[in-house]
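Thanks for opening this one up with me. Here are some notes to read alongside the structure, one point at a time.

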Amino acid sequence: MDLVSKETGTEPKKILIIEDDAPLSAMVQNRFKRELYETVSALNGSEGLDAARKYRPDIIVLDLLLPVMNGFDVLSALRKDELTRDIPVLVLSNLSRAEDIQRTQMLGANGYLVKTDVSLKYVTEKIKDLLSKGSAGQSVRT
Amino acid sequence: MPANIDLFKSENMRRTEERQRTRMFYLFSGIAIPYLLAYGVFDYLDARGGVHIVIGAIEHLLAFLLLLSVARYYKHSQLSVLKPLITVLMMIMLLVSMFDGGISGTAIYWLFVFPPAAFYLNGYKPGIFYNTLFFVCSVAYLLLQRAGIIPAFYSMEQLVQMLFVLLQVFLISFAAQFNLEKFRVTIISQREHLRVLLGGLPVGITMVVAPDGRLSTANPSAERLFGRTIEPNVKAADFPKTYQLAREDGTPYPAEDLPLTVALMRGESTVKNDVFVKRPDGSHAVLRVSAAPVRDETGRIVSAVAVWEDATKEHEISRMKSDFISLASHQLRTPLTSIKWSIEMAADEENGPLSQAQKEALDFARRSTIRLVRLVSDLLNVSRIERGQIALQPELTDLDALCREAVAEINPTAVEKGLALENEVRALGQVRLDPKLIFQALLNLLANAVKYTPKGGHIEVGGRRGANEVEMFVRDSGVGIPAEAKDKIFQKFFRADNVSVDNEGTGLGLYLVKAIIESSGGRVWFESEVGKGTTFWFSLPISGVAAKEGSRELII
């Protein structure tokens, strides 16, 4: 786990990235850091859940096929926990079944992007969008 | 009756039949033999008393019917010693009535009865023996009468006439029996051929007979494939239940869709349908069954024959292959994402300014990556199609609008290549189908047309609405499909020789089109001439398509 923050005038937004593919995770972190976000990464589901509780990020980027604990279970646990209930979650996965998308929506995800279908730029825009909306009150269909 | 070749009747069945025959034998001999004995005495005494001849004849008829019933069960019984006894008894009765001048009608009657009965009861060769014996006895009787040893009731002339009648009847029944015998020998030898052939075949053979589809034959391989003894007389309608036949998704196989039933009831041949069978020992097998109707000389369906092959291994391998492709595709997508994103970031100059040459290089990389992503998606789709996991989500769809969208999507590419793209689709109306799937199929066909049509060419999309189907086509003035490639064009990864390999594409486009259209109840076909162009057609039923629960959707 690494915690990187960049000193700016205002408090930087914290993003937790739960993604088991290290190069991909690193790339996403680099991209987000460039946008002056603070990033935390977790390489498996249970680590991700712990990090969410510990660091209370402003938004979570969640993969679904994860070791130890899969993304669905992480999402469900996040929504049950008082501490993490209101954190927006953007699912970023390569599963593209409507069924999977619906399931994450039902579990309370705020967005769903299929990795190969979008550019990293788009992911970043989506993050900005979700952050500007604030809490995890409404789920956003993508 | 060719339908009744119970070649592989099980031993149990044989024993049951034998028991039934024995029971019938006791029943009939219990009634018939005492009756016949009493009748003989009565008849003899009565004839002396001069009772009316008609009553005598009726009594004889009844006696004969009983005798025939007995003969029938004796014939099938293993108690072969009784057959000659019955024959000799009949012969003596006939000779006695010939002695007896009182009722000559009865004697004539017996003349007609005995020769065929002797054949029927004893078979061919003993039949000849008894008939000859009877003839000799009759001649001997004549001679004895002539010598005055036996008193004469008839004139010599009458007796000679009677002998001629006897001779005629004997010859006719001999000739009939001879033909029958030849026929029987042929049938037995053919039956033996068939038995050895079916017995040695590695595939299972079952046969059902009209009208209700009872099972008449099953060879040892069929029993091995089903993992149990196949009892004769099971009705086709009960097959799925009795033998636990199911479809791939585990639902019971509808009896009316079973190839044997289809062949018998509708007269249609079916080829290679997969049936999943649960054996009594708990193991599962996939049986690939083909069936065809058998007709008699008038064209009426008398039976149906099914061939069962074991496709279990094939299925396993195909499933493993699909699973592997599915897994590999998912695994491939993650590193692909890294590559794609890295290239995109670099190309957007997020990592610093680029030279023109660098931009071009990145653009090549980007295009190849997109193609790779597409290929992986197509591979995933193929593995889903092959596992029957495709979900159909039909909704009432305006085909004209769908067509406009597809054309709009492909038009920039066509224009870039200098091709004229015309949309002739008008008033195709609404059909209940899965719009995403049909859109994809149409897009694939259009993309192919653009891909294989040289600069300056012409592409046309059109359609017509028939009574039951909507037909749509995509026509191009492209390179065409060579004749030798026509059978393979819908196969995976196939590409005809006349197109260069560096064309972009995954080799799965037409395969997916076919899978999509067929899963929607339609057909795909094409006409093509090398150098002139190709027209791909597909049809969709106007009645629409039913929703299908599949665990997967195509990645579109």
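1. Let's begin with a question: which residues of H5(B) are buried? This is a predicted model, and in it the buried residues of that helix are B:Gly127, B:Tyr130, B:Asn131, B:Phe134 and B:Ser138. You can find helix H5 of chain B at residues 124-146. Its 23 residues should span 33 Å at 1.5 Å a residue, and the C-alpha atoms at its ends are 33 Å apart, so the two values agree. After H5(B) comes B:Gly148, which has a positive phi, near 85 degrees.

2. Now step back to chain B as a whole. Chain B holds 14 helices and 13 strands. Of its 556 residues, 30% are buried. If you look at the contacts in chain B between residues at least 6 apart in sequence, 65% of them join residues at least 24 apart.

3. How many residues of helix H14 of chain B are buried? Nine of the eleven are, so this helix, residues 509-519, is mostly covered. The buried residues of H14(B) are B:Gly509, B:Leu510, B:Tyr511, B:Leu512, B:Val513, B:Lys514, B:Ala515, B:Ile516 and B:Ile517. Just after H14(B), B:Gly521 has a positive phi of about 85 degrees.

4. Is B:Ala408 buried or exposed? B:Ala408 is exposed, because 11 other C-beta atoms lie within 10 Å, and the cut-off for exposed is 12 or fewer. B:Asn411 has 16 other C-beta atoms within 10 Å and is therefore partly exposed.

5. B:Ala408 and B:Leu421 are 13 residues apart in sequence, with 9.7 Å between their C-alpha atoms. B:Asn411 and B:Leu421 are ten residues apart along the chain, and their C-alpha atoms are separated by 6.8 Å.

6. Please look at B:Leu372 as well, which lies in helix H11 of chain B, residues 356-386. With 17 other C-beta atoms within 10 Å, B:Leu372 is partly exposed.

7. On to chain A. What is the order of its elements? From the N terminus, they run β-β-α-β-α-β-α-β-α-β-α, with five helices and six strands in the chain. Chain A has 142 residues, and 44% of them count as buried. Among its contacts between residues at least 6 apart in sequence, 65% join residues at least 24 apart.

8. Two helix pairs in chain A deserve a look. Packed helices are described by the angle between their axes and the distance between those axes. Helix H2 of chain A, residues 45-55, and H3(A) cross at roughly 20 degrees, and their axes come within 9 Å. H2(A) and H3(A) are therefore roughly parallel to each other, and the crossing is right-handed. In H2(A), A:Gly45, A:Gly48, A:Leu49 and A:Ala52 meet A:Gly71, A:Asp73, A:Val74, A:Ala77 and A:Leu78 of H3(A). By class, this contact has five nonpolar, three polar and one charged residues.

9. The second pair is helix H3 of chain A, residues 71-80, with helix H4 of chain A, residues 98-107. They pack at about 15 degrees with their axes 9 Å apart, which makes H3(A) roughly parallel to H4(A). The crossing of H3(A) and H4(A) is right-handed. H3(A) brings A:Phe72, A:Leu75, A:Ser76 and A:Arg79 to the contact, and H4(A) brings A:Arg103, A:Thr104 and A:Leu107. These residues divide into three nonpolar, two polar and two charged.

10. Finally, where do the two chains meet? The contact takes 13 residues from chain A and 16 residues from chain B. Helix H10 of chain B, residues 312-347, gives the largest share of the side of chain B that touches chain A, with eleven residues. By class, that side of chain B has five nonpolar, five polar and six charged residues.

How values were computed. Residues are numbered from 1 along each chain as its sequence is written. Chains are lettered from A and ligands numbered from 1 in the order in which they are written. This is a predicted model: local features need pLDDT of at least 70, side-chain atom pairs count only at pLDDT 80 or more; totals for chains, interfaces and linings use all residues. Two residues are in contact if their C-beta atoms, placed from the backbone, lie within 7 Å. Helices (H or I, at least four residues) and strands (E, at least two) are DSSP runs, numbered from the N terminus. Ala, Val, Leu, Ile, Met, Phe, Trp, Tyr, Cys and Pro count as nonpolar, Asp, Glu, Lys and Arg as charged, and the others, Gly among them, as polar. Axes are lines fitted to C-alpha atoms, for helices over the stretch in contact, and angles run from 0 to 180 degrees between N-to-C directions. Angles under 35 degrees count as roughly parallel, over 145 as roughly antiparallel, 65 to 115 as roughly perpendicular and the rest as oblique. A crossing is left-handed if the near helix is turned anticlockwise from the far one by less than a right angle, and right-handed if clockwise. The expected span of a helix is 1.5 Å times one less than its number of residues. A residue is buried if 20 or more other C-beta atoms lie within 10 Å of its own, exposed if 12 or fewer, and partly exposed in between; C-beta atoms are placed from the backbone.
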